[in-house]
Amino acid sequence: MDIIGGFLTLLDEPSIFAFIVVAVLIGVIVGALPGISAATVIALLVPITLYMDPLAALAFLYVLGKAGRFGGSIAAILFNTPGTVASSATMIEGYRLTKQGRSKSALRMSAFASVCGDLTGDLLLIFGAVAIASYTEGLGPPEFFAIYFMAFIVIGSVVGQSVSKGLVSAALGVLCSLIGTDPISGTARLTFDSLQLSRGLGLIPVLVGIFVLSELFTQAWKATRSGEPADVRDSSASESVQDVITADEWRYCAPVIFRSSVIGAVIGMLPGLGSAVACFAAYGEEKRRAKRPQLWGHGAIEGVAAPEAANNAVSGPSMIPLLALGIPGSTIAALLMGVFLIHGIQVGPTIFTTSRELVFALFASGIIGIICYGLVGYYLVPFFGNYVARFRTKYIYPFIFVTAFIAAYSSAMNFFDVYVMTVFGIVGFLMSRFSYSTSAFVIAFVIGRGAEETLRQSVLLSDSGLFIFLERPVAIIFLLIGLTVLLWRGRYHMKKQDRKATVRDSIGTGSRPGSEE
Amino acid sequence: MVFTVALLLTCVVFLVAAMTVTTHEDSGLTSRSLPIILSVAISIFSAVKAILLWRSGRRHQIYLFRTDGITAKIILPLSMTMVLYVPMVMLFGYVLASVMVLMIVLRVFGVRDLVFIFAISVVVGIVADYVFVDTLGMFMPTGWLIETVHELL
């Protein structure tokens with residue numbers, strides 16, 4: 001019933017509908033442009049939302065993230081270039097459909113599947129977040145530290161390609177969050193006697209540096225290495241093919257969309273896994289169960305529906321850890337956490353008591369946003385997507401550069417923040433370049449202080465020091481989950497290394513892997 | 001290898017900084033406990049990784065990174081432009097500084113048409129000023145030079 005209240009709240013503030021429509025248009029466009037992610041644009045727009053009402057600000061960025069996820073499929077289908085990492089799987093079948101002259105059908109199916117997936121994810125968010133929050137509300141500092149610890153381990157070990165590099169990125173994020181005055185004792189630490197650093201590193205300069213400036217450096221670096229990206233538009237597409245989705249195709253796609261939405265929604269709940277994992281998991285599963293296996297790899301429309309439903313279904317559930325536990329499960333959730341904090345809203349289980357109306361209005365705006373981008377995607381994108389995705393991003397980066405300056409400066413009207421942003425832009429670029437995870441860094445940076453506070457409060461509460469965590473059953477469960485994930489990922493990583501070594505050896509000796517048997 | 005060594009040095013600096021923090025707490029973890037733990041952990045990781053890279057003969061990566069010229073061609077000019085943006089804004093004001101910065105960055109990104117660069121920079125500078133200052137009400141410095149000219153006039 002609360003969600004109906006959410007819709008009624010939106011009706012009281014009709015201006016939010018305008019923000020939702022603008023967010024959908026921006027999201028679809030930036031999603032379609034390869035090299036500009038929704039996270040980049042959200043990071044850039046976070047400071048601007050300081051001047052907006054909290055609900056309008058959150059709804060705007062939340063919907064932008066959703067529309068951006070869908071927008072990524074446009075370039076993937078039309079140009080064989082994923083607009084976002086999450087649309088990499090869509091590219092496999094989507095581009096083959098384009099080559100057969102069926103781009104409009106692929107784009108329409110992508111829009112429909114995205115809407116279904118996103119709505120499934122949001123339903124899970126609406127019911128799941130409240131249920132989990134009602135349970136976690138009664139937890140104390142030791143349990144919360146165990147949850148933070150689990151989040152660091154899971155995000156650090158799952159997000160990147162390397163477990164050790166992911167964990168180091170998370171540790172570095174926490175270390176950077178500790179710079180400034182200690183909130184418990186009031187002691188300045190890691191400030192190098194700088195007055196500017198004693199107030200800590202600002203969230204916005206760090207976010208803009210890591211997501212926006214480092215992305216600019218990366219794109220500039222790619223441009224100089226590979227020259228101007230080639231126009232991969234396919235001219236051989238046959239116009240004579242009837243480009244409509246047949247009744248049979250709808251029949252084949254319906255169960256695919258349902259199953260993939262569920263896969264995406266479940267993966268979305270787990271911190272760190274995200275859309276990229278969901279889309280490949282759904283694509284793989286549906287390819288395995290395919291009723292028309294001969295079409296897969298040659299332009300199966302189910303191969304567009306599955307990854308799109310799954311990657312959009314991640315959006316809602318990735319907010320569950322944020323709202324129920326105060327731990328962002330994805331980079332976009334980390335950025336939204338920044339918006340909550342900027343507007344003085346404490347994220348965590350108590351949010352459903354302190355800001356219940358706002359949270360449900362946010363959920364309602366998410367549903368309206370989904371319908372909006374569905375309509376845009378189904379009716380407009382098949383006709384205009386071609387022009388949007390072909391726009392040369394080198395003309396956009398300079399303006400992002402200038403806006404990044406304003407974003408960093410305007411957060412506290414302090415020029416020092418511009419320098420902080422520049423430093424983190426370089427740090428972010430180097431981290432990406434050497435396969436360290438910027439997502440793990442940012443998520444750890446956002447929750448680092450909270451984790452330290454709960455750790456120190458727990459130790460202060462106890463006579464047995466750090467053993468307090470072993471006296472609390474809930475804390476033990478979360479610590480064990482973290483350690484299990486770490487062991488599992490470590491083992492997986494070692495197996496992968498072994499397989500690579502076997503392949504290398506077999507190439508060296510001229511035999512196939514496993515042929516020694 | 002360069003990044004690993006840089007990470008190691010950064011964490012050693014953080015470790016030294018954390019160890020010099022005076023603490024007042026007499027029970028539980030102090031304000032320097034976590035920074036020290038994390039600095040030590042990252043330092044050990046980086047040191048081990050650096051040794052492994054050195055022993056595996058991948059130290060030549062230092063030269064690969066140095067000679068691809070990207071740092072000199074792209075990252076340094078863009079970073080320096082961002083750093084210089086601040087004194088430029090203080091001197092010339094936001095609009096004029098943005099126009100100049102846009103011209104530099106468009107050039108760095110490979111746009112060659114100088115007339116286009118100039119025209120688009122001026123238009124965007126004015127539009128940005130309208131959006132951020134006039135519409136959103138952000139305070140942006142008008143610039144020492146512009147203020148002086150205003151006073152003289």
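Modeller: α6(A) passes α13(A) in a right-handed crossing (left-handed if the near helix is turned anticlockwise from the far one by less than a right angle, right-handed if clockwise). The model is predicted: local features need pLDDT of at least 70, side-chain atom pairs count only at pLDDT 80 or more, and totals for chains, interfaces and linings use all residues. Residues are numbered from 1 along each chain as its sequence is written, with chains lettered from A and ligands numbered from 1 in the order in which they are written.

Helix α6 of chain A covers residues 103–136 and helix α13 of chain A residues 302–313; their axes come within 7 Å and cross at roughly 35°. Axes here are lines fitted to C-alpha atoms, for helices over the stretch in contact, and angles run from 0 to 180 degrees between N-to-C directions. On the α6(A) side the contact includes A:Ala106, A:Met109, A:Ala113, A:Gly117 and A:Gly121. α13(A) contributes, among others, A:Val304, A:Ala305, A:Glu308 and A:Ala309. Contact means that C-beta atoms, placed from the backbone, lie within 7 Å. By class, nine nonpolar, six polar and two charged residues take part; Ala, Val, Leu, Ile, Met, Phe, Trp, Tyr, Cys and Pro count as nonpolar, Asp, Glu, Lys and Arg as charged, and the others, Gly among them, as polar.

Chain A holds 22 helices and two strands, taken as DSSP runs numbered from the N terminus (helices H or I, at least four residues; strands E, at least two). Of its 517 residues, 58% are buried, that is, with 20 or more other C-beta atoms within 10 Å of their own; exposed means 12 or fewer, partly exposed in between, with C-beta atoms placed from the backbone. Among contacts in chain A with a separation of 6 or more, 79% join residues 24 or more positions apart.

Chain B has seven helices and zero strands, and 25% of its 153 residues are buried. Between the chains, 47 residues of chain B are in contact with 45 residues of chain A. α4(B) gives the largest share of the chain B side, ten residues. That side divides into 33 nonpolar, eleven polar and three charged residues.

Conventions. Two residues are in contact if their C-beta atoms, placed from the backbone, lie within 7 Å.
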